[in-house]
Amino acid sequence: MSTPLFTPTPTAPGSLPLIGHAHRLARAPLPFMASLREHGSVVRIRIGTAPAYVVTDPALTRKVLVTDAADFTKGGKIIDALRVFFGDGLATVADGDVHLRNRRLMQPMFNKAHIATRGDAMIDQVRSMVATWEDGEHRDVFADMNNLTLAAFLVALFGTDLPPHLQEEFTTLMPAIMKGTIRQTILPPWANRLPLPANRAHAARVARLRTLIDQAIDHHTGRLPSSTGAAAPTGCPHAARPTGLFETLLTASEPLSRQQLQDEAITLLTGAIETTGTTLAWTLYEISQDPDVEQRLRAELASVCQDRPLRYTDVDQLHYARRVLQEAVRKYGPAWMVTRTATRDTWLGGHSIPAGADVVWSPYLHQHDPEVFPEPGRFDPDRWTRAETTAARGSFLAFGDGRRKCIGENFAWAELQIILATILQNWSHLQLTTRPPRPQAVVTVKPDRLTMSYRHTTTTGHQSDEDRTHRPPARPV
């Protein structure tokens, strides 16, 4: 086999002794990642003293994820850091038999038919929570969306009777855990091993998270029918047969160990609240800034549902809502840095990649490529109806690609549409009550601060002076 034409790999400017580019990743990660496109299709950066190779060309990213996936296994600093609290869950377990077995076990529970069995229960849960918001109250949108997405997913995962304190404490813990995790990915390994207060606090939070998951497992195990065939406790709505994902894991023909159950539960729940909640928060912000988008969403919802509440069978008919959500996913990531590890000395686009090196790809970077998405900083749901949609498919990588593509993509789209539609049905006016949020790269690209109020339109249909002051004019299309 001939050796590929050698291409020198450029190193990004700004590296410092000992810490490399960690200061740039810590202070301004999104502009830094976007700037790498200017230097080539593969760019070397340094995380501490170790090199990493950032892929800026979506065609080469596809080679990493699909065509040459055997040469680039799941791994790298981010994955190593995530394993601290994910363990060997589906998102972080190494390629091989365990990953293949667990994915095959869980895949059917994320198909559209199974999701449909939980859809109306999820809608009921979200509607009951949204209805408790006070008219005109200033609310933390990111926190609200995390709470809604977690609650909806818990219904699908465990049913409706999980003790509320588990949900509340998990939601409280996660932001601090994710912040500590991203800190560990950008600092040198030796810094993470020091007995610093931040390191000790992160370890304590991860331990508490596992305790909470263990309590959820014990609670749910007690609801299942016994191995002798005895009936489950009276009042358990899902005891007749395993209808939720977690029942499937608990009753598998090859049972998972307690450690494996913890790992998979943490992986699923973390994915459910972090990425979906982030997308919804940005979506509501963008809607609040564009009356035309909001009006089109409400018109579609009224046409599909008429005067009745949302049903799960309506979700597939909300085509414009899907485009709005897809544009939010594109513009804000939600992931901005993902790693693989080279399994052997190999070549990528003419660049020499040594065995053991971290290879970095960024959905955020690809989805802001102006060659693929004209005016990438502009929120434009209609870009998904034009001819550019086909050309953009290779650069829209929010859910990954290949054999490690996100198993929950179908569920994520359903949950996103359920929550967005329910909020719009319950509240007829959205209003931003803080300055426009700034993107903040943690594990996802989250808003640094975002509060909104939700109001019911008055019977006269007129807005107050305050509403007119805060409501920006429609942006040009």
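Predicted model: local features only at pLDDT ≥ 70, side-chain atom pairs only at ≥ 80, totals over all residues.
1. Let's start with aspartate 144, which sits in helix α7, a stretch covering residues 141–158. Is aspartate 144 buried or exposed? Its relative accessible area is 8%, so aspartate 144 is buried, given that buried means under 20%. Leaving aside residues up to four places away in sequence, aspartate 144 touches Trp133 and Arg139.

2. Next comes threonine 211, placed in helix α10 (residues 197–221). Threonine 211 has a relative accessibility of 34% and therefore counts as partly exposed, since that class lies between the 20% and 50% limits. Where glutamine 262 is concerned, the two residues are 51 apart along the chain, and a distance of 9.3 Å separates the C-alpha atom of threonine 211 from that of glutamine 262.

3. Now for some backbone angles. Most residues other than glycine have a negative phi. Leucine 18 is not a glycine, yet its phi is positive, at about 70°. You will find leucine 18 in the segment before α1 (22–27). With 59% relative accessibility, leucine 18 counts as exposed, because exposed means over 50%.

4. Glutamate 375 belongs to the loop that runs between α15 (363–366) and α16 (388–392). Its relative accessible area is 53%, so glutamate 375 is exposed.

Conventions
Residues numbered from 1 in each chain as written. Heavy atoms only, no water. Helix = DSSP H or I, 4+ residues; strand = E, 2+ residues; numbered from the N terminus. Buried < 20%, exposed > 50% of the residue type's maximum accessible area, 1.4 Å probe, protein only. Contact = heavy atoms within 4.5 Å.
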